[in-house]
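Open the structure in your viewer and keep the selection tool ready. This tour goes from one selection to the next.

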Amino acid sequence: MRVTARLRPVCNALKVVAALCIAVASASAAIPNAEKIANAVAETNRLSGRSTPVLLEVTLRIGDGEPVGTGLLASHPTGLARLELRSRRGFVERHLLQGNSYTASRDGQILDPPHPFLPPTFFLQADSGAAFRAALASYGVASGEVVLGRVGERDCYVFGGRLPRGEEGEERMLPSVWVDLETYQIVQVDRPGGVRFRFGPTTVFEGIQAPSWIEVVSPGQPDARLDVIRVAPANAPAAAFGMDWLTAPANPREPDPNS
C-alpha cells in the first residue's frame, strides 16, 4: 500500500503527459499538409470563376460613414493588383500591389506612407497549388507552415502560423493567409506591418464568386471597407501593373485597367 501511494503521483503525471501527447498528435493529424490545402484552395478558385484577371467595381467607406469614393480594382492571378479610387473631394488615388511591394500615389504624387486600401485579391485567383504557394512566398508568408485558427464563427487553416498573444493580451501578427476549413475560401490576410484584410461572404457577380466586401484594418488608421458592386472578367495583362501607371495622368472618365 505504501508503494502504491508513493507511485500514485508519478502515475498521475504520466497520464497527464500521455493525454497531452495524444492531444498534440490528434491536432497534427487534423491538419492536412500544406500542399493538399493549397491544392484545395486553387480548386475553389477555379470553380469560383475567378482564376483569370478580374475587375471589381467598388465603393470605399471609412469607419461607419457614407461612401467617400468609388473605384476599380484590377487583379491578376500572378500576384498583381491595382486600385484606382476617385474621391468625392475630387482627387484620384492609385494603389499598386506587386507581391508584397505596396506603392500608392495621389494625383500623380507618390504617397509615403500610403493608407493600404488595396487587398491582395490575387490569393483568390491562383489556379494551382504551386501558384498559390508562390503567391504566399511572394507575400512573405511561410507557405509550408499551417496551424488552426478562428475568424468569428469560422474555423480556419492559417498559412504562415500564429504568434501567442503578448504579456498584456495584445495580438501579435505574422504574415498569414486564413482559409475556411470547410469551403477553402480565403477569409483573412495579415500582411507585414500589422495590416489585416477581412473578406466578406461570397456573392455571385456575372457568374464569378467574389467577396461582397473587404474590410481593411490598419494600425493607427480608422477601419476602411471596400463594398463590391460588380465583378467582371478583365482584359488586364501583367504589363498593365507597372510603376509608371502610378504617376500617369488620370483618365477623366472610367479608369481602364489596360491603360
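Which residues lie nearest the centre of the second largest pocket? Select Arg162, Arg165, Glu171, Trp178 and Arg196; these five hold that position in a lining of 17 residues. Keep in mind that the model is predicted.

Strand E7 (146-151), strand E9 (176-180), strand E10 (186-191) and strand E11 (195-199) each give two or more residues to the lining.

Next, go to the largest pocket, which holds about 360 Å³ of space. Then show strand E1 (54-62), strand E2 (67-76) and strand E3 (80-87), each of which supplies at least two lining residues. The largest share comes from E3, with three residues. By class, this lining has 10 nonpolar, five charged and four polar residues.

Leave the pockets and turn to the nonpolar cores. For the largest core, select Phe123, Phe132, Phe159, Val177, Ile186 and Val231, which have the most contacts inside this set of 46 residues. Finish with the second core, which is separate and has 11 residues. Leu55, Ala74, Trp245 and Leu246 are among them.

Technical notes. Residues are numbered from 1 along each chain as its sequence is written. This is a predicted model: local features need pLDDT of at least 70, side-chain atom pairs count only at pLDDT 80 or more; totals for chains, interfaces and linings use all residues. Side-chain values use heavy atoms; hydrogens and water are left out. A nonpolar core is a set of buried Ala, Val, Leu, Ile, Met, Phe, Trp, Tyr and Cys residues joined through side-chain atoms within 4.5 Å. Buried means under 20% relative accessible area, exposed over 50%, partly exposed in between (1.4 Å probe, protein chains only). On a 1 Å grid over the protein atoms alone, a cavity is a set of points where a 1.4 Å probe fits but cannot get out, and a pocket is an open set with protein on both sides within 12 Å along at least five of seven lines; lining residues have an atom within 4 Å of a point. Grid points are joined across faces, edges and corners, and a volume is the space filled by probe spheres set on the points. Helices (H or I, at least four residues) and strands (E, at least two) are DSSP runs, numbered from the N terminus. Ala, Val, Leu, Ile, Met, Phe, Trp, Tyr, Cys and Pro count as nonpolar, Asp, Glu, Lys and Arg as charged, and the others, Gly among them, as polar.
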